[in-house]
Amino acid sequence: MTHRDLTLLDADWNHWPENAPAAVIAERAARLGLEGLELGVYDPAVQLSTERLAEWQDVLQPHGLRVGALLLSCPPDRWPDGALGAADPTMLLDAVEACAATAVDLGLTVVGLWPGADDEDADRDVVAATLARVAAIAQRYGLRVALEPKPGDLIGDPHRALELIDSAGASDHVGVLLDTGHELAAGHDLIALVAQLGDRLLHVHVGDSDGDADADLPAGRLHSLAPFLSALAGVGYAGALTPDLYGCVSDGVTGSVAAVGESYRHLRQALQP
């Protein structure tokens, strides 16, 4: 497998701690030879507004880049009542629908969802019921939703994600977003996870970890991802690879340009035949 089999993206949120303008983010992605950006979404009315999307098109198009993925993030500070586990899931469902509509307009087939506001005490029956409604939205728009597990959340690992998806009867329209940094922090075997997920693996975030799920270290800093990339090839994964490096940039471990560059130097080396 070479990088031609995958879509190599940057994430706009990697540059948020430095308040980098959209034009600068696009120029950096082009300089690295990437194909586009994954956009982080807290509130679709803000990050996916008509004006904001037009701005992205204006700055990406001259470089031959595009919006290649969307991630709806639901952190606890912004979603105090929970996400999938909220007693009233209207806000989440509206956000998922807005992301789905935008994804279709952009020609995307997957929308990422990190339900970080759902901790381990969330009601699993409520989560399953809401997840079934998320699946119905995905079906209506002809796409799939990729749940991102993170240690400490209700959906703490890919196995728990699959259990909840299956209990909701949502497996046709909901799969998993695998973040290598999260899984390395938890001590999981990336190769085994890829084999177990198979075609239920819909999207990939890359990063590294020293045991902290929020470290978001550049890919390859502590662990080579070469075996992981070979495992992706083994299951026929042909989606996107996006670095999630927000933590290391916001903590001042390294700057966004250095972090993204380090990640993609490692990935390209690991992807060589």
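Modeller: On a 1 Å grid over the protein atoms alone, a pocket is an open set of points with protein on both sides within 12 Å along at least five of seven lines, and lining residues have an atom within 4 Å of a point. This is a predicted model, in which local features need pLDDT of at least 70 and side-chain atom pairs count only at pLDDT 80 or more, while totals for chains, interfaces and linings use all residues. Residues are numbered from 1 along each chain as its sequence is written, and side-chain values use heavy atoms, with hydrogens and water left out.

Colleague: Which residues lie nearest the centre of the largest pocket?

Modeller: They are Tyr-42, Trp-114, Lys-150, Asp-216 and Tyr-246, among 23 lining residues.

Colleague: Which element gives the most to that lining?

Modeller: Helices (H or I, at least four residues) and strands (E, at least two) are DSSP runs, numbered from the N terminus. Here helix H10 (246–250) gives the most, with three residues. Strands S2 (36–41) and S3 (66–73) each supply at least two.

Colleague: How many of the lining residues are charged?

Modeller: Asp, Glu, Lys and Arg count as charged; Ala, Val, Leu, Ile, Met, Phe, Trp, Tyr, Cys and Pro as nonpolar; the others, Gly among them, as polar. The largest pocket has eight charged, 10 nonpolar and five polar lining residues.

Colleague: What lines the second largest pocket?

Modeller: Its lining has 22 residues, with Thr-109, Val-110, Leu-202, Gly-239 and Ala-240 nearest the centre. S3 gives the most to this lining, with four residues. By class, the lining divides into 10 nonpolar, nine polar and three charged residues.

How values were computed
1 Å grid on protein atoms, 1.4 Å probe; cavity = no way out; pocket = protein on both sides within 12 Å on 5 of 7 lines; lining within 4 Å.
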